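Please look through the sequence and the model shown below before reading on.

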Amino acid sequence: MTSNPTIDTMLAHRSIRKFKPGSIPDTDIQTAMIAGQAAATSSAVQPYCIIHITDSTKRQQIADLSGPQQKVHDCGAFFVICADLRKHMLIFESAGKEYNTSLEAFLIGTIDASLFAQNFTLALEALNYGTCYIGGIRNDLPQLSKILNLPDGVLPLYGLCAGVPDESPSHRPRFAADAMLFKDTYPTDEETNAGIEQYNEVYKQYLVSRGAKPSTWSAAIEKKFGYATRQGLAAFYESKGAKLD
Ligand SMILES: Cc1cc2nc3c(=O)[nH]c(=O)nc-3n(C[C@H](O)[C@H](O)[C@H](O)COP(=O)(O)O)c2cc1C
């Protein structure tokens, strides 16, 4: 496998959940911001924003509703990444025209926000910060929207903790690349099941190496998707002006 500094930074990723005290200088946030914005965006519509939460009370409120996950309060910088259709809505409002979208606008918002977010995250990691995405903010989006005074069109997706790492966790193994990269056609279910079995073994060994109870990735998936969680997201996003059909 070819190695270069960019690929090395990408391969060095692991989520960091313990941070040293101290905030991230604004100059580094600006650098990561501009690098994040350099990501591709559908027809340059740029339907996203990122909210840097600097207020300690707000941080604690978000930490609490996210789990609680205290790292949201304690990390060097915390951000909320949103699909943001607000600018588009205002253009239509100024033109006196009806803003008439479909699920496509919502998808473009979530896709482009995530392309931005991963570039932003990678830039922070290239600057030697640790990061951890926080899906926990979706536990209570109505409350989060109140805390942040979010207008219609601003749709929070996930948070991001960043800061100087105060831990050095091992790398979490992924599927073998050939169980994810297919040529010309999707594999048979037998081949897919073989890939799952192979990964279950790797996953089990990873847990054992961390001193955790041996279990499989299949068991983790059963646990995560065996019942519906965070119901009401569609209703929330629609209440904020997203069209989901
Ligand atoms: C969108 C998203 C949301 C996540 N939410 C959380 C979270 O709320 N809390 C947390 O501790 N980790 C969270 N994670 C981190 C994942 O658990 C982590 O990326 C995954 O286990 C793989 O481990 P690694 O990042 O160390 O390679 C999230 C990751 C993503 C991509």
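The sections below describe the domains, the ligand shell, the helices and several individual residues.

## Basis of the model

This is a predicted model, in which local features need pLDDT of at least 70 and side-chain atom pairs count only at pLDDT 80 or more, while totals for chains, interfaces and linings use all residues. Residues are numbered from 1 along each chain as its sequence is written.

## Domains

The chain is assigned domain 1, covering residues 5-169, and domain 2, covering residues 171-227; such bounds come from an automatic or database domain assignment. Between the C-alpha centres of domain 1 and domain 2 the separation is 28 Å.

## The shell around the ligand

A residue is taken as near a molecule if its C-beta atom, placed from the backbone, lies within 6 Å of it. The residues around the ligand are His13, Arg14, Ser15, Arg17, Gln69, Cys132, Tyr133, Ile134, Gly135, Gly136, Tyr158 and Arg172. Strand 3, residues 130-134, contributes the largest share of this shell, namely three residues; here helices (H or I, at least four residues) and strands (E, at least two) are DSSP runs, numbered from the N terminus.

By class, the shell holds four nonpolar, five polar and three charged residues. In this grouping Ala, Val, Leu, Ile, Met, Phe, Trp, Tyr, Cys and Pro count as nonpolar, Asp, Glu, Lys and Arg as charged, and the others, Gly among them, as polar.

## Helices

Two packed helices are described by the angle between their axes and the distance between the axes. For helix 2 (residues 26-37) and helix 6 (residues 103-126), the axes come within 7 Å and cross at roughly 140 degrees, where axes are lines fitted to C-alpha atoms, for helices over the stretch in contact, and angles run from 0 to 180 degrees between N-to-C directions. Helix 2 and helix 6 are therefore oblique to each other, since angles under 35 degrees count as roughly parallel, over 145 as roughly antiparallel, 65 to 115 as roughly perpendicular and the rest as oblique.

Helix 5 (residues 86-95) is hardly covered, as the count of buried residues among its 10 residues is zero. A residue is buried if 20 or more other C-beta atoms lie within 10 Å of its own, exposed if 12 or fewer, and partly exposed in between, with C-beta atoms placed from the backbone. After helix 5 comes glycine 96, which has a positive phi near 70 degrees.

## Backbone features in the loops

Glycine 67 and proline 68 are joined by a cis peptide bond with omega of about 15 degrees, and proline 68 lies in the loop between helix 3 (56-65) and helix 4 (71-74).

Asparagine 128, in the loop between helix 6 and strand 3, has a positive phi near 75 degrees although it is a residue other than glycine; asparagine 128 counts as exposed because it has 11 C-beta neighbours inside 10 Å. Aspartate 184, likewise not a glycine, has a positive phi of about 70 degrees and is found in the loop between strand 4 (154-163) and helix 8 (189-209). With 4 other C-beta atoms within 10 Å, aspartate 184 is exposed.

Leucine 207 lies in helix 8 and is partly exposed, having 15 other C-beta atoms within 10 Å.

Arginine 59 is placed in helix 3 and counts as partly exposed, with 18 C-beta neighbours inside 10 Å. Arginine 59 and threonine 41 are 18 residues apart in sequence, and 29 Å apart in space from C-alpha to C-alpha.
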